[in-house]
Amino acid sequence: MRRDLMRQLQIQIPAAVAIRYEDRFTKGLPDLSISYNGRTSFWEIKYADPRCVTSKVQHYLCTQLDTQGFHCRYLIFQRGIARPTNPRPRQIRVVKPADFDHWDRLGLVLSDGLFDYAAVGDHFLTVHR
C-alpha cells in the first residue's frame, strides 16, 4: 500500500519531495510528508480492518501540525467487506485530525469500491495548488 502510494506520487508529481517517516525510531511522526509548490503537507496513513486506531502521540502531533497551518490529515484505507448484513465498501478516505473519532462517517471519500491511487495523487495535487 505505501509502496504503491509512493510510486503513484513519482508518476503524478515527479517534482515533489516525498519523505516516508514510518519506522521504529520515529513514533508519533506522520508517516509521510510531501513538499511541493511551496507547501508541505503531512499524512498519517492508516489501514482500517475494520477498526482504525491512532496513538495519542500521533493524534496530538497531527492536530498540532494542522493547527499551526500545515496540512496534516489521516489517509485511511478501508478494507471492503461484502456481506449481506452490514456491508462495507473498500474506500480511501481523507480525514481531519479533529474528525478522527468519526472517520467512518466524516471526511472526504477519494475512492469508493477500490484503492485508486491516482485519485490520491489527484488529491495531493489539489492540496498543493
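Predicted model: local features only at pLDDT ≥ 70, side-chain atom pairs only at ≥ 80, totals over all residues.

Colleague: Where does D31 lie, and is D31 buried or exposed?

Modeller: D31 belongs to the loop between β1 and β2, and with a relative accessible area of 5% it is buried. Leaving aside neighbours within four places in sequence, the residues in contact with D31 include R2, Y21, W43 and I45.

Colleague: Which residues have the most contacts inside the largest nonpolar core?

Modeller: Such a core is a set of buried nonpolar residues joined through side-chain atoms within 4.5 Å. The largest one here has 20 residues, and those with the most contacts inside it are L5, L32, W43, L75 and F124. Two or more residues come from each of α1, β2, β3, β4, β5 and α3, and α3 gives the most, with five. A second, separate core has eleven residues, among them C52, C72, I76 and V95.

Colleague: What does L75 touch, if residues up to four places away in sequence are not counted?

Modeller: The list for L75 includes L5, W43, I92, V94, L110, V120 and F124.

Colleague: Why can helix α3 be called largely enclosed by the rest of the structure?

Modeller: As a general idea, an α-helix has 3.6 residues a turn, so residues three or four places apart point the same way. In the present case, eight of the eleven residues of α3, which spans residues 117-127, are buried, and the helix is therefore largely enclosed by the rest of the structure. The buried residues are Y117, A119, V120, G121, H123, F124, L125 and V127, and they pack against α1, β2, β3, β4, β5 and β6. At the start of α3, a side-chain oxygen of D116 comes to within 3.1 Å of the backbone nitrogen of A118.

Colleague: How many disulfides does the structure hold, and which parts does the pair of C62 and C72 tie together?

Modeller: A disulfide is read from cysteine sulfur atoms within 2.5 Å of each other. The structure holds one, formed by C62 and C72, whose sulfur atoms are 2.5 Å apart. Because C62 lies in helix α2 and C72 in strand β4, the pair ties together parts that are ten residues apart in sequence. The link is left-handed, with -115° about the S-S bond. Both partners are buried, C62 with a relative accessible area of 2% and C72 with 0%.

Colleague: Where is the cis peptide bond, and which residue other than glycine has a positive phi?

Modeller: Most residues other than glycine have a negative phi, and most peptide bonds are trans. Here the peptide bond from D49 to P50 is cis, with omega near -10°, and P50 is found in the loop between β3 and α2. N37 has a positive phi, near 55°; this residue lies in the loop between β2 and β3 and, at 54% relative accessibility, counts as exposed.

Terms used
Residues numbered from 1 in each chain as written. Heavy atoms only, no water. Buried < 20%, exposed > 50% of the residue type's maximum accessible area, 1.4 Å probe, protein only. Helix = DSSP H or I, 4+ residues; strand = E, 2+ residues; numbered from the N terminus. Contact = heavy atoms within 4.5 Å. Polar contact = N/O pair within 3.5 Å; in protein donor to acceptor, adjacent residues only side chain to side chain.
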